Amino acid sequence: LDEADLRHRLTVAEAASPDYSLLRWIGSTPPGHIDAMARMAARMTTDVPLDDLDWQPEAWDAERVRARDAVLAARGNRSYTTAARHDPTGELAGYTVLDFPAGNDRYGWQEDTLVVPGHRGHRLGLRLKIENLFQVRTHEPALRFVDTWNADANQHMIAINEALGFRPVSRNSEWELTIEETP
């Protein structure tokens with residue numbers, strides 16, 4: 001990581017988002033944020049550019065968030081989340097998550113990053129990811145590698161990842177086949 005460059009980018013992102021404060025947690029979602037996190041998790045299946053894949057919306061509610069958190073904890077995974085709160089309304093406006101599989105301290109998985117429509121255009125995606133990386137590095141000093149992925153159509157997030165120093169190391173394809181029943 002280029003620490004000086006990340007600090008500069010963070011300063012610019014903070015200046016573009018003065019009405020937002022960041023919340024951080026490790027592990028399970030705090031009870032007061034479960035409903036908002038469920039709404040944002042559902043948006044991950046509708047808001048993310050996926051080219052022409054016909055991805056169906058997923059149903060997320062508080063119970064599903066708690067169940068996901070319980071499964072990750074039972075597996076021994078460690079999750080680091082940073083969320084953006086819109087201070088004038090108290091609404092959660094975005095989040096990012098980085099996970100570590102059990103027994104691993106050198107390799108992390110960058111999971112979801114989402115900024116809710118209506119809160120986009122304030123450099124929150126960049127701010128969230130940088131702040132979460134700093135949080136993770138504080139608690140996981142052995143971290144050496146972070147893996148992430150994006151659809152080719154998600155140029156905005158690809159630009160953020162490139163600004164952070166990520167580089168492509170592999171390419172995957174997803175194919176879709178529509179199966180229609182015949183009478």
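Modeller: Helices (H or I, at least four residues) and strands (E, at least two) are DSSP runs, numbered from the N terminus. The model is predicted, so local features need pLDDT of at least 70 and side-chain atom pairs count only at pLDDT 80 or more, while totals for chains, interfaces and linings use all residues. Residues are numbered from 1 along each chain as its sequence is written, and side-chain values use heavy atoms, with hydrogens and water left out.

The length of H3 can be checked against expectation. The expected span of a helix is 1.5 Å times one less than its number of residues. For the 14 residues of H3 this should give 20 Å, and the end C-alpha atoms are 20 Å apart, which agrees.

Buried means under 20% relative accessible area, exposed over 50%, and partly exposed in between, with a 1.4 Å probe and protein chains only. In H3, the buried residues are Ala62, Val65, Asp69 and Leu72. Viewed down the axis of H3, they fall within an arc of 95°, so they line one face of the helix; the arc is taken over the directions from the helix axis to the C-beta atoms. An α-helix has 3.6 residues a turn, so residues three or four places apart point the same way. On the face turned away from the buried side of H3 are the exposed residues Glu63, Ala74 and Arg75.

Contact here means heavy atoms within 4.5 Å. The buried residues of H3 pack against H2, strand E2 (78-86) and E3. With H2, the packing angle is about 90° and the axes are 8 Å apart. Axes are lines fitted to C-alpha atoms, for helices over the stretch in contact, and angles run from 0 to 180 degrees between N-to-C directions. Angles under 35 degrees count as roughly parallel, over 145 as roughly antiparallel, 65 to 115 as roughly perpendicular and the rest as oblique. H2 and H3 are therefore roughly perpendicular to each other. Their contact is made by Ile34, Asp35, Met37 and Ala38 of H2 and by Ala62, Val65 and Arg66 of H3.

The partner helix has its own surroundings. Seven of the 10 residues of H2 are buried, so H2 is largely enclosed by the rest of the structure. These buried residues are Ile34, Ala36, Met37, Ala38, Met40, Ala41 and Ala42, and they pack against E1, H3, E2, E3 and strand E4 (107-115).

From here the account passes to the interior. A nonpolar core is a set of buried Ala, Val, Leu, Ile, Met, Phe, Trp, Tyr and Cys residues joined through side-chain atoms within 4.5 Å. The largest such core has 19 residues, and those with the most contacts inside it are Met37, Met40, Trp60, Leu92 and Tyr95. Two or more residues come to this core from each of strand E1 (20-26), helix H2 (34-43), helix H3 (62-75) and strand E3 (91-100). H2 gives the most, with seven residues. Methionine 37 touches Trp25, Thr29, Val65, Thr81, Leu92 and Tyr95, not counting residues up to four places away in sequence. A second, separate core of 15 residues includes Phe100, Ile130, Phe134 and Ile160.

Strand E3 also holds threonine 96, which is buried with a relative accessible area of 0%. Not counting residues up to four places away in sequence, threonine 96 touches Tyr80, Thr81, Thr82, Gln110, Asp112, Thr113, Leu128, Lys129 and Asn132. Threonine 96 and threonine 81 are 15 residues apart along the chain, and their C-alpha atoms are separated by 5.7 Å.

In the loop between E3 and E4 lies proline 101, partly exposed at 28% relative accessibility. Leaving aside neighbours within four places in sequence, proline 101 is in contact with Asn77, Arg78, Tyr107 and Trp109.
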